[in-house]
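Biologist: Could you take me through the aromatic pairs in this one, and then what sits in the nonpolar core? I'd like a close look rather than a tour of the whole thing.

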Amino acid sequence: MTQLKKISRQTATEAAISALETYIVGNRLTPGDSLPSEHELCELLDVSRSIVREALQYFKTLGIIESRPRAGARIVQLIPSDAYKGYLPFIAASKKHVLEIAEFRFSVETGMAPLVIKKATKEDIAELRAIAEKMKTATKKTNPGLDTEFHRKFLSITGNSLFASLEPMIVDYFSECSKLNFYRRSTFDEVYRQHCRIVEAMSKRDSHELYESLVAHYKTILEL
């Protein structure tokens, strides 16, 4: 037998947030579009200015809107450019979380292999090959940066804004946390050959081979 659930009571701020969300989605607002003024929102929502400002602050915190003096609020983005901004200092405090980022990065890159094969242009592949070739003569100082550059480019090939929003965490931040341990376990020649295999699989348009080359590349990292 299905049980009745208690009706949750929204605060005025929560109701205002919900109303604004409905307004943004229902009107299909896009970056650059403006919201009604604070005065108009107070009248439309029948709430005080302090409530309206609290509701607007919620969307500012998410990075969805920005407010400028005399210009009012406008949509900035509907997909975050950095989904984990603000959380990284806390993630850095735990070795467990660093490993979880490694697992997440592995899952994302191997999972997107078919999409990368589909969308990669000859120019994309040539750019990745050029980065990989630099690894042949890389040093302890330059190799981590080249690895980051390679995987940032690899991630961008999909053209998917959701993948792009994860880049700061799964590429930049993970590389910063793991580079010392990783390069202690892998020789520069191994790193060079691993990246060359990734590029070769892409040039063949073989998603299975690309998947296998990524698995081999991440094996060292996941075994740390």
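Modeller: Let's start with Tyr58, which counts as partly exposed because its relative accessibility is 38%. Keep in mind that this is a predicted model. Phe59, on the other hand, comes out at 4% relative accessibility, so it counts as buried. Searching the whole structure turns up two aromatic pairs, and Tyr58 with Phe59 is one of them: edge-to-face, 5.1 Å centre to centre, with 90° between the planes. The other pair is Phe106 with Tyr218, whose ring centres are 5.7 Å apart; their planes sit at 75°, over the 60 degrees that edge-to-face calls for, so that label applies here too. This pair ties together distant parts of the chain, since Phe106 is in helix 5 (residues 95-111) and Tyr218 in helix 11 (residues 207-222), 112 residues apart. Phe106 and Tyr218 are both buried.

Now for the core. The largest nonpolar core holds 36 residues, and Phe150, Phe154, Met202 and Leu210 have the most contacts inside it. Several helices each put in at least two residues, among them helix 5, helix 8 (143-156), helix 9 (161-185), helix 10 (188-203) and helix 11. Take Met202 as an example: setting aside neighbours within four places in sequence, Met202 touches Val116, Ile117, Ala120, Ile125, Leu128, Phe154, Ile157 and Leu210. There's also a second, separate core of 17 residues, including Ile17, Leu20, Leu35 and Cys42.

Key. Residues are numbered from 1 along each chain as its sequence is written. This is a predicted model: local features need pLDDT of at least 70, side-chain atom pairs count only at pLDDT 80 or more; totals for chains, interfaces and linings use all residues. Side-chain values use heavy atoms; hydrogens and water are left out. Rings of Phe, Tyr and Trp (its six-membered ring) pair if their centres lie within 6.5 Å; planes under 30 degrees apart count as stacked, over 60 as edge-to-face and the rest as tilted. Buried means under 20% relative accessible area, exposed over 50%, partly exposed in between (1.4 Å probe, protein chains only). Helices (H or I, at least four residues) and strands (E, at least two) are DSSP runs, numbered from the N terminus. A nonpolar core is a set of buried Ala, Val, Leu, Ile, Met, Phe, Trp, Tyr and Cys residues joined through side-chain atoms within 4.5 Å. Contact means heavy atoms within 4.5 Å.
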